[in-house]
Amino acid sequence: MISNLPAPAIVFIIGALISLLFKNKLKQIILLLIPALGFYLVWNLTGDSSFAFSLSGLELNMLKVDKLSKVFGYIFCIASFGSFLFALHVKENLEHFSALIYVGSALGVVFAGDFISLYIFWEFMAFSSVMLILARKTKKASDAGFRYLLIHVVGGLVLLAGILLQYSNTGSFAITHITSKTISSYLILIGFLINAAVPPLSAWMSDAYPESTATGGVFLSAFTTKTAVYVLLRTFYGWDILIYLGAAMTIYGIIFAIMENDARRILAYSIMNQVGFMIVGIGIGTQMSMNGAAAHAFAHIIYKGLLWMSAGSVLYMTGKTKCTDLGGLYKTMPVTLVCCCIAAAAISAFPLTSGFTTKTMILQSSINQHFTIIYIILEIASAGVFLHAGVKFPYFVFFAKDKGLRASDPKKNMQIAMIFFAVLCIAIGVYPKPLYNILPYAVDYNAYTGDHVVSMLQLLLFSGLAFFVFLGLLKRTETITLDTDWFYRKGVRLIVNSVTYVISKIAYAFDFVFIKSLPAILAKFTQKPLSAIAGFFAGIIKKEPFYSGYAAESSGPEWLTIIAVGPVVLVSVIILMILAGVLVF
Amino acid sequence: MKKEFDWFDKPENIKKLKTACIVILMISVLCEFLIHKHIQHVWDKIPGIHAVFGFIACAVLIIISKLIGKYWLKKDEDYYDK
């Protein structure tokens, strides 16, 4: 029975456990079979499929299927197949295990029928993906991994708070289009935006992804941000704020990518830039723009995975990722170079590549809805994509100055994976019809008008010209670029330091007043009141510490005190005696 | 030993490449006169506007990030370890 199929997530999670039992060849076969089986399942899912059970009175549904969830289901299975092919040689059990759980939970989010299942898989994603960073086994990686986890746990809690608040308002965990502008909606939105890496909640990505293993980065680039795009597509389409956030994101990503020296960090920023386009599409909220966002996510996962593969190959073969250490690799890594250039062309949306047939849908819908300023920003961003990901990344890694590295192309399985993705990039560009057919709404769009092709070519080619004209300004420096992670990496330390400083000053002042000065002054005052007061004033005038010398002085009687106080005491005693006499007699 | 492929290291090849690029750039602008233009914005009427736009946009992006990097956000690699 087709309608009783298990959720694809379950296949991956059980597969992860099974994969632990096997070794070598058999394990490799299992790693490739699981995504293939997942794809077969997604293919056969229909609207009636369900995988529901009840958990202490809560009805949970892990399988709610429509066209939108199927698009993401397909691409997640394809992406994981390619990524496992690329990572097939890795011997670490932990890496494969956590990658399988990670992909499975991403699929779990995509097919979740209610917010509770979604949240459970959401958290699984965070905890399994961090393993792909920790597996690098460097101090930098483990530090970045824990910061990554921290942000995602906070993001998860914000999401959970939103979900529970919404439940108390509406009495339902159903995942539907959210239209009410209440606190619960905003909490859910923030939870999603953190995973989509929308600035200023974005620095976790450029901080952590580049520290992942050579193969782990390929997985990371595909799933976390794209599940966020998926849930936004499902719940927050048509929210104006997303249009502006998305547009800002496209430019933010480019500016940081231009400043960066680390090749994988450049790629992390370009994920941000590309997700920005999708978020604009979601914010516009028309059928065409949402088709565009889904299609662009589909194409993006492939070409971005391919870019991470080529950077991963370079890291794997040379152990280096910084542009200042790389260059001249075209001589010895031809396969990697060609695949990288195809991905670079696809991300830049060159005609005949996948980016062109998908991104232009979003651009066109911004024109159709008369978002002229947004359209101009997206055009600037399109030009900038070619600048940083299309030219800068391949140029500094494979050309530029020969640094004497003579690394060859990586292992066969890595090369085949790259070629597989490169073929897909071109296939979607040349013949986008199959992709258009699986989109959530009917597509009435043709990317290949003379107008589109020529204007895009002009835009991109002259952006390339700008790169070489301004090459002097783009010279790489051995620097890092500060992002909003500064606030929790350095800012917190600054706050702690300044608070400690202030508290220590207060403690010092207390010590000075109550331990050192006051007792001495009081002691002096009780013994020699007048000279104490006189000394106090003298101290102020002379700018000397007013307590100095007080305690050290001898405590003998003082003539001045006796002359001044003596008559007063004498008179008081006489008066007291008179009073006593009067009272007695 | 097999001689390695170093086509891009030779100055005369770079010269050829430059000429080819300039020709391609010119073709991309000239193509505009061969196609039927679908005017969506006023500026679409200006020939070569997308070429000019692409160049200026990138120039501005490069200069802005250069300035931000130089005066604000670019730091030494051991910045966070200090």
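Between them, chain A and chain B of this predicted model bury about 4,400 Å², of which 68% falls on carbon and sulfur atoms; buried area is the accessible area (1.4 Å probe) that two parts lose on being put together, summed over both. The interface brings 51 residues of chain A into contact with 45 residues of chain B, where contact means heavy atoms within 4.5 Å. The count of salt bridges between the two chains is 3, a salt bridge being a side-chain nitrogen of Lys or Arg within 4 Å of a carboxyl oxygen of Asp or Glu. Lys331(A) and Asp9(B) form a salt bridge through their side chains, with an N to O distance of 2.4 Å.

As for confidence, the mean pLDDT of chain A is 90, and 94% of its residues score at least 70; pLDDT is the predictor's confidence in each residue, from 0 to 100. Where pLDDT is low, the predicted coordinates should not be read in detail. Helices are DSSP runs (H or I, at least four residues), numbered from the N terminus.

Within chain A, helix H7 (residues 183-195) packs on helix H9 (residues 216-235) at an angle of about 150 degrees, the axes being 7 Å apart. Axes are lines fitted to C-alpha atoms, for helices over the stretch in contact, and angles run from 0 to 180 degrees between N-to-C directions. H7(A) contributes Leu189(A), Phe192(A), Leu193(A) and Asn195(A), while the residues from H9(A) include Ala228(A), Val231(A) and Leu232(A).

In the loop between H7 and helix H8 (203-208) of chain A lies Pro200(A), joined to Pro199(A) by a cis peptide bond with omega of about 5 degrees. Asn24(A) belongs to helix H2 (residues 24-44), and Lys137(A) to the loop between helices H5 (115-134) and H6 (139-170). Asn24(A) is exposed at 53% relative accessible area, as is Lys137(A) at 60%. By contrast, Ser382(A), in helix H15 (residues 372-398), is buried at 0% (buried is under 20% relative accessible area, exposed over 50%, partly exposed in between; 1.4 Å probe, protein chains only).

Residues are numbered from 1 along each chain as its sequence is written, and chains are lettered from A and ligands numbered from 1 in the order written. Local features need pLDDT of at least 70 and side-chain atom pairs pLDDT 80 or more, whereas totals for chains, interfaces and linings use all residues; side-chain values use heavy atoms, without hydrogens and water.

Note on methods
Helix = DSSP H or I, 4+ residues; strand = E, 2+ residues; numbered from the N terminus.
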